[in-house]
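Here is a friendly briefing to read alongside the sequence and the 3D view.

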Amino acid sequence: VHLTESGGGLAQAGGSLTLTCTGVEDTFGHYNVGWFRRAPGKEREFVAAITWTGDFIKYADSVLGRFTISRNNTMRMVGLQMNSLKTEDTGVYFCNIPMTWSTSTAARLDWGQGTQVTVSP
């Protein structure tokens with residue numbers, strides 16, 4: 001499975017951005033998918049995840065109530081709607097297949113380049 005992130009950019013604090021994780025293979029719909037991020041000078045951290053059916057969702061406490069993860073298996077996409085952005089949301093955002101259903105950053109695939117999100121004051 002190969003996943004590609006897109007949709008990052010620059011936003012002001014309080015603004016919104018939408019990220020998209022796109023899969024290529026038909027098997028995309030068989031996997032849980034998670035969003036992760038790495039802020040400057042920090043370790044990669046879990047952001048949100050959604051099961052392959054879309055029935056279960058998990059968020060990091062830091063984004064709960066502000067970010068929404070969703071998926072469309074027909075389109076082979078997992079989206080991350082980010083509202084009420086804060087400067088601390090700045091970082092490179094990655095999607096991947098999590099190893100476990102948890103907030104761990106352990107993932108099955110090699111990490112891609114991600115997409116940069118920059119939130120200005």
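## A threonine in a loop

Threonine 51 has 9% relative accessibility, so this residue counts as buried; buried means under 20% relative accessible area, exposed means over 50%, and partly exposed lies in between, using a 1.4 Å probe and protein chains only. You are looking at a predicted model, in which local features need pLDDT of at least 70 and side-chain atom pairs count only at pLDDT 80 or more, while totals for chains, interfaces and linings use all residues. Residues are numbered from 1 along each chain as its sequence is written, and side-chain values use heavy atoms, with hydrogens and water left out.

- Threonine 51 sits in the loop between β5 and β6; strands (E, at least two residues) and helices (H or I, at least four) are DSSP runs, numbered from the N terminus.
- Not counting residues up to four places away in sequence, threonine 51 touches Asn32, Phe56, Arg71 and Trp101, where contact means heavy atoms within 4.5 Å.

**The disulfide**

- There is one disulfide in the structure, a term for a pair of cysteine sulfur atoms within 2.5 Å.
- Its partners are cysteine 21 and cysteine 95, with sulfur atoms 2.2 Å apart.
- Cysteine 21 belongs to strand β3 (residues 17–23) and cysteine 95 to strand β9 (residues 91–96), so the pair ties together parts that are 74 residues apart in sequence.
- The torsion about the S-S bond of cysteine 21 and cysteine 95 is about 75°, so this disulfide is right-handed.
- Cysteine 21 counts as buried because its relative accessibility is 0%, and cysteine 95 counts as buried because its value is 4%.

**The largest nonpolar core**

- The largest nonpolar core has 28 residues, of which Trp35, Leu80, Met82 and Tyr93 touch the most other members; such a core is a set of buried Ala, Val, Leu, Ile, Met, Phe, Trp, Tyr and Cys residues joined through side-chain atoms within 4.5 Å.
- At least two residues of this core come from each of β3, β4 (33–38), β5 (44–50), β7 (67–72), β8 (77–82), β9 and β10 (115–120).
- With five residues, β5 gives the most to this core.

**A buried glutamate**

- Glutamate 5 is part of strand β1 (residues 3–6).
- Its side chain reaches two backbone nitrogens: that of cysteine 95 at 3.0 Å and that of glycine 114 at 3.3 Å.
- Leaving aside neighbours within four places in sequence, the contacts of glutamate 5 include Thr20, Trp35, Tyr93 and Thr115.

- Which strand holds asparagine 72? Asparagine 72 lies in strand β7, and it counts as partly exposed because its relative accessibility is 36%.
- The side chain of asparagine 72 reaches the backbone nitrogen of methionine 75 at 2.9 Å.
- Asparagine 72 and lysine 42 are 30 residues apart along the chain, and their C-alpha atoms are separated by 31 Å.
- Lysine 58 is in strand β6 (residues 57–59) and is partly exposed, with a relative accessible area of 24%.
- Lysine 58 and threonine 68 are ten residues apart along the chain, with 9.8 Å between their C-alpha atoms.
- Among the contacts of lysine 58, leaving aside neighbours within four places in sequence, are Phe46, Val47, Trp101 and Ser102.

How values were computed:
A polar contact is a pair of N or O atoms within 3.5 Å; within protein, one must be able to donate a hydrogen and the other to accept it, and residues adjacent in sequence count only if both atoms are side-chain atoms.
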